[in-house]
Amino acid sequence: MATTTIAIENILSKNSGMTKDQAISVLNMQSDSGLVLREAIEKKGMHAPEDILAEVCRQMELNFIKDIPVNDIPVELINDIPISFAKAHEVLPFKVDDRKVIVLSTNPLNTEVYDDLRALFKKRVEPLISTKTKVLDAIDRVYEKGTSALEGLDEIEEEEYDLDDPIIDLLESGEDDAPVIKLVNTLIFRAVKEKASDIHIEPYEKNMVVRFRIDGTLYDVFKPPKKLQNAITSRIKVMGNLNIAEKRLPQDGRIPIKIGGKDIDIRLNTVPTSFGERLVMRLQDRSNVILSLEQLGFSQKSLKELSDLLQRTYGIILVTGPTGSGKSTTLYASLQKLNNIETNIITVEDPVEQRIPGIGQIQVNSKIGLTFAAGLRAILRQDPNIVMLGEIRDLETAEIAINASLTGHLVLSTIHTNDASGAFPRLIDMGCEPFLIATSLLGVISQRLIRVLCPHCKEPYEPTDLDLANIEMTRQQVQGTNIHKAVGCDHCNGKGYSGRTLIQELLLVTEEVRTLVMQRKDSGQIKKKAIEQGMIPFRDDGIQKVLKGITTIEEVLANTQVDL
């Protein structure tokens, strides 16, 4: 290995214009950080031209390819390799024979990935090195070509007709073997299989992109030919019972489907953009069992405090957090805990995301005047014990919720704020009287969703000094803990994470907090008082999950920017 390092050092100093000290610095960074050599060069602010990589390969007796003949790559080679794994590690099978498989790669020293591929193909792996741009482009094009949904697509592309009309006729004719129908069905099936929460279909000037949101992060998965844009859009709009002729206005629809025994409810939204309609499909698995509060990731302290609040007969409990932070899941888990034959529970939601037996659930319909406020006003005459509002959006809804809580109802709802203490000034900004807020509110939960480390590939990790500074801990404090880092394997499609859990803070409205609210104090003073009285901020809750090996430092820092 030392001989290889000296050889690469000589190549860098001779071919890149670097000094010998700069070359050594690059190699030290590459060794310490685990970066690809090209990335280490770029981190140092230097350029890594193609001929440097070619020369490195020549010195290491590795093959280098400048232009990749993508059309010659057999698509069956990628059948068992997720595109996320290929992109994360910048590898792509190129050729195979009886003795070996040739693999395109950007990193001559990527031995761990080569070992994985050797185990998959049960053959010797021979790397063929190329630049990052060329390899990633080849990955995109081969996976596009290899998508099973594109069987028969060539016939459509060879036809010379306007896609606006002929494809629509084809789709509406019920020909299930139509390639565009196969394409859309396969995208949905794959999204369900990979546990995606959203499918994004995004048109651009010269291409279109399909992305999946998995565990809160968007991934590119497919790039259909631009000429099929209208056909794909029309097919999805037909499935959602939307007006396929209307392309200038946003539309909302719903697609109920059954895949693999699962009832999937898809909420479809379209908006017009400069290059065509942009579609987002939110996938909701209705067959999922509603999780209990104990399964969501609450700390033992917060779980006990929340359980005590839910036993109260009147007052308001709010859940705050950004879109997609699991607020509805927390409310459903709370309702499930409260649901029994002696209790009348009614909800007003937009939309009703999961059906709960024994609970009356009302769908908001603003087109006919059934708003949150109107629905809440009506259900108070239905003799409820507990009321759940999907969201408090305006003064009218907030005032009715407060009045309901003061007249003997337990009200659960959500509100958009950055943290728990921000709920009070938010309600005051809406126009609510501080003394009413202070009197009616019982507690506020603020939460975020963070990704959980894949149990199959996570590795123990010694945090750097910068990591320790970011989480405000000393090396002595983390001794004996269980800090791990994300790696990536077949089980998690190379992501290093699998599933998500909550980090949260629960602010209890005590007498001292009520006094601050009535004095219109800002959220910072309220938060300081709550922490003095025992509230654990969600960054601290996240750090506890890092120390237990549940998630990573990077994941907690990225999701708790409010505390920075």
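Which backbone oxygen lies 3.0 Å from a polar atom of the side chain of Arg-514? The close-ups below come from a predicted model.

View 1. The backbone oxygen is that of Ala-438. Leaving aside residues up to four places away in sequence, Arg-514 touches Ala-438, Leu-441 and Val-509.

**View 2. Helix H20 against helix H21.** H21 covers residues 523-532. The two axes come within 10 Å and cross at roughly 175 degrees. Angles over 145 degrees count as roughly antiparallel, so H20 is roughly antiparallel to H21. H20 contributes Glu-512, Val-513, Leu-516 and Val-517 to the contact. From H21 come Gln-525, Ile-526 and Lys-529. By class, this contact of H20 with H21 holds 4 nonpolar, 1 polar and 2 charged residues.

**View 3. Helix H14 against helix H15.** H14 runs over residues 372-379 and H15 over residues 395-406. Their axes come within 8 Å, crossing at roughly 20 degrees. An angle under 35 degrees counts as roughly parallel, and H14 and H15 are therefore roughly parallel to each other. The crossing of H14 past H15 is left-handed. On the H14 side, the contact is made by Phe-372, Ala-373, Leu-376 and Arg-377. On the H15 side, Glu-396, Thr-397, Ile-400 and Ala-401 take part. The contact of H14 with H15 has 5 nonpolar, 1 polar and 2 charged residues.

How values were computed. Residues numbered from 1 in each chain as written. Predicted model: local features only at pLDDT ≥ 70, side-chain atom pairs only at ≥ 80, totals over all residues. Heavy atoms only, no water. Polar contact = N/O pair within 3.5 Å; in protein donor to acceptor, adjacent residues only side chain to side chain. Contact = heavy atoms within 4.5 Å. Axes fitted to C-alpha atoms, helices over the stretch in contact; angles between N-to-C directions. Helix = DSSP H or I, 4+ residues; strand = E, 2+ residues; numbered from the N terminus. Parallel < 35°, antiparallel > 145°, perpendicular 65-115°, else oblique. Left-handed = near helix turned anticlockwise from the far one by under 90°. Nonpolar A, V, L, I, M, F, W, Y, C, P; charged D, E, K, R; others polar.
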